[in-house]
Structure formats: structure tokens, C-alpha cells
Amino acid sequence: MDLEYKEEDLRFREEVQQFFREHLPKELSEKVRTRRHIEREDAVRWHKILAKKGWIAPGWPVKYGGTGWSAMQRHIWAEEYALAYAPPTLSFGLNLLAPVLLGFASEEQKQHYLPRIYNAEDWWCQGYSEPGAGSDLASLKTRAEREGDHYIVNGQKTWTTLGQHADWIFCLVRTSTEGTKQTGISFLLIDMKTPGITVRPIKLMDETYEVNEVFFDNVKVPAANLIGEENKGWTYAKYLLGHERTGIAAIGNSKRELQVLKRLALRKQSNGAPLLNDPQFAARIADVEIELMALEMTALSLVADGASSKIGPEASLLKVKGTEISQEISELLLEAAGPAGLAFDPAYLDGETEHSASGDDDLAALAPHYFNLRKITIFGGSNEVQRNVISKMILGL
């Protein structure tokens with residue numbers, strides 16, 4: 001792949017930067033910069049701004065609202081998006097469910113669900129993990145039994161991110177017990193307002209309610225909400241996880257956080273000099289920066305080879321290294337902050353106060369940020385499992 005920026009690439013970067021300057025609300029970018037909590041209305045507001053521009057779904061086919069950007073343009077977009085401190089988009093619909101719909105849904109289903117995702121009419125969440133089926137997802141037990149033109153769903157999902165906000169959930173359900181664990185699983189779309197669904201929040205280490213338990217008690221779901229073929233859901237699940245693991249790599253965010261780390265290490269003192277001048281600390285920053293550069297080149301080469309349309313086990317490489325880099329940068333940020341980084345002010349993070357009680361707004365969220373990122377090497381398929389995928393599917397071991 002030619003990684004040199006061409007003149008049209010530079011013009012595109014300028015266009016993207018100008019868009020963020022003119023259309024990204026400053027109060028939203030400031031929330032992201034200070035790591036304060038993004039509310040549902042914040043996310044939807046930003047989503048609709050991007051949708052109006054036609055830039056909300058760069059990875060979709062142009063026919064359904066995609067941008068038609070090249071691999072380099074999508075790379076530039078992701079980088080500038082992170083550097084602008086733009087709020088996250090409604091990823092579960094845009095980047096996880098949409099590829100499954102585009103690849104396996106009927107045209108009628110595409111015409112119904114994709115515009116609603118595009119216009120933020122539906123907020124989606126993901127119903128994969130269960131108490132006994134996390135990394136071993138094929139062991140899921142949530143049942144969907146066919147009764148005429150409906151399924152009756154019973155069971156439980158857990159770690160359902162932002163399920164408290166969701167209008168719909170895409171679920172893996174067991175429709176048959178015959179064959180291996182991977183067979184007999186189906187991919188079902190369920191309206192969260194359906195009677196029999198209960199959502200219970202789970203408090204995380206940073207005291208946020210980001211994830212939930214979701215219970216299904218005789219939930220009646222139209223059979224028309226089945227995606228693809230019955231009992232073929234494992235194929236669709238793996239396809240979706242490929243997209244999820246690629247996104248979890250978060251290369252743009254890590255490049256932004258690396259800049260934050262360098263600025264913090266420059267202003268923090270160690271033995272009368274900037275911490276950035278400390279040989280050991282500087283070497284650790286250099287190590288993670290080299291790893292990040294290598295990850296970015298790997299991701300670009302996969303996209304250039306067309307892997308974005310047929311993401312396979314290579315996504316596991318991105319997931320493992322990307323999450324490790326994110327965690328390493330968050331650890332270095334906390335170390336650079338020193339004792340001041342241990343302050344924890346939930347009221348400030350929730351937007352109830354204008355400034356942190358610690359007196360340093362830039363450091364107020366470093367500890368909860370560090371603890372929150374402990375999860376990323378687990379979700380989307382734990383890194384231990386991903387190494388098994390790499391060894392088997394890529395190395396042939």
C-alpha cells in the first residue's frame with residue numbers, strides 16, 4: 001500500500017478539520033477532552049450532525065448512505081475524529097449491526113432498519129454475553145422457541161453496554177440443541193419495549209452504570225425479526241465480532257492519548273526537570289509509540305487488501321495489540337500524574353460541578369479512565385481467546 005499522502009488526501013484532511021471546527025459543538029468536544037460522561041442526548045445530537053453532512057457511516061456502501069471514501073480517507077477521518085475530541089457515534093447500530101444487515105439481511109430488512117440506524121431513530125445494544133457464556137460465547141443458553149409466526153425468548157444477557165438507553169437489542173439465541181455448540185444459534189432483533197424484558201444496571205469500578213443485565217421472560221418476538229437463516233447465527237456472530245475487534249483497536253484514540261501523555265510528562269517535574277526528560281519514562285513512551293506505529297501500518301495494510309469487507313482472524317491481531325496499547329498509555333498517564341491522578345470526583349464527571357474538587361480538571365478523570373479500560377482486553381472476546389484464534393487460524397498451529 002502507498003502510505004504517502006497525496007495532494008487529494010491533504011485536501012481531504014483540511015476539509016475534515018474545517019468541518020470539525022465549524023460543526024462540532026465545543027461543549028461536546030470539551031466533555032470528551034475532560035473525560036466527562038457523554039449523555040444519550042449528546043450522542044444523538046452529534047450523530048444527527050454527522051448524518052446531515054452524510055458522514056455518519058463511512059464504511060457503508062454508497063447505495064445505503066456510505067461516503068465512498070478510500071482506505072486512506074477513512075484513515076484520515078478516524079485520526080482527525082479522535083484529535084478533534086469528537087463524541088463516539090452510536091456504534092452498536094452503525095458499526096456492528098449494520099455490517100450484518102448488509103451482508104445477510106433481506107432487502108426488506110435493510111430498507112427498514114438501515115435508515116433508522118442512519119438517522120438515529122433507533123439506539124441499539126448487543127445481546128451476546130451471558131453469565132455462563134462470555135469468552136465461550138458458543139455456550140449461550142438464552143432460548144428462542146418458534147410458535148407460529150413468533151419466537152418466545154427466555155434467558156439472560158449480561159454486560160450489555162448502554163442497554164439502559166437502547167430501543168432495540170440484537171441477540172444471539174439458541175433455536176436448536178442438536179449438533180455442536182456453535183450450531184443451533186440464531187441472530188434475532190428484539191424491541192426493548194416488548195413485555196417481559198427487564199434491564200438491571202451493573203455498577204463498574206469507576207462507579208458508572210455503563211453495562212447492564214438484561215432478562216427475557218416469555219418475550220414474544222416476530223419471526224420476521226430473524227436475520228438470515230435459523231441456526232446459522234454463529235456465522236453472523238463471527239462476522240460481527242470481526243468488525244467489533246477492529247474497532248476496539250482504537251488507533252486514532254491511542255494517537256490522541258499519546259499526545260496527551262507527552263504534554264503531561266512535559267509539565268510534570270521529576271528531580272527538578274520535566275518527567276519527559278527522565279530516560280526510563282521516556283523509553284516507555286517510545287516503546288508504546290513504536291508499537292502504535294506498527295499497529296497502524298498493520299491496520300492500513302488490511303484495509304488496503306480489502307479486509308474491511310471480509311474481516312477474518314486478522315481482526316484478532318488488531319484487537320490484542322490495540323487494547324494492550326490503550327491500557328499501557330492509560331497506565332503511563334496515571335503514573336505521570338502522580339498522587340494528583342488518584343482524585344476521584346463523580347460529581348464533576350457527571351457534570352454536576354463546573355470544576356473538579358482536586359483543582360486540576362485535566363487529571364480528575366485519569367483514575368476512573370484507567371480502571372474503566374481494564375475491561376477492553378476482556379470484551380469482544382478476551383485477548384487470551386484471541387491468541388488462540390491467531391495461533392490456529394493465522395499461524396496454523
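Predicted model: local features only at pLDDT ≥ 70, side-chain atom pairs only at ≥ 80, totals over all residues.
User: How do the axes of helix 5 and helix 6 cross, and at roughly what angle?

Analyst: Angles over 145 degrees count as roughly antiparallel. In this model, the axes of helix 5 (residues 91-104) and helix 6 (residues 107-118) come within 11 Å and cross at roughly 165°, which means that helix 5 is roughly antiparallel to helix 6. The crossing of these two helices is left-handed.

User: Which residues in helix 5 and helix 6 meet?

Analyst: From helix 5, the residues Gly93, Leu94, Leu97, Ala98, Leu101 and Leu102 meet Lys110, Tyr113, Leu114 and Ile117 of helix 6. Sorted by kind, the residues of this contact comprise 8 nonpolar, 1 polar and 1 charged.

User: Does Glu80 count as buried or exposed?

Analyst: Buried means under 20% relative accessible area. Glu80, which is found in helix 4 (residues 71-83), has 8% relative accessibility and therefore counts as buried. Its side chain makes a polar contact with the side chain of Gln17, at 3.3 Å. When neighbours within four places in sequence are left aside, Glu80 is in contact with Arg13, Val16, Gln17 and Phe20.

User: Where does Ser382 lie, and with which residues is Ser382 in contact, leaving aside its neighbours within four places in sequence?

Analyst: Ser382 lies in the loop between helix 12 (366-372) and helix 13 (383-394), and with a relative accessible area of 8% Ser382 is buried. Apart from neighbours within four places in sequence, Ser382 is in contact with Ser135, Lys319 and Thr377. Ser382 and Val320 are 62 residues apart in sequence, while their C-alpha atoms are 8.5 Å apart in space.

How values were computed:
Residues numbered from 1 in each chain as written. Heavy atoms only, no water. Axes fitted to C-alpha atoms, helices over the stretch in contact; angles between N-to-C directions. Helix = DSSP H or I, 4+ residues; strand = E, 2+ residues; numbered from the N terminus. Parallel < 35°, antiparallel > 145°, perpendicular 65-115°, else oblique. Left-handed = near helix turned anticlockwise from the far one by under 90°. Contact = heavy atoms within 4.5 Å. Nonpolar A, V, L, I, M, F, W, Y, C, P; charged D, E, K, R; others polar. Buried < 20%, exposed > 50% of the residue type's maximum accessible area, 1.4 Å probe, protein only. Polar contact = N/O pair within 3.5 Å; in protein donor to acceptor, adjacent residues only side chain to side chain.
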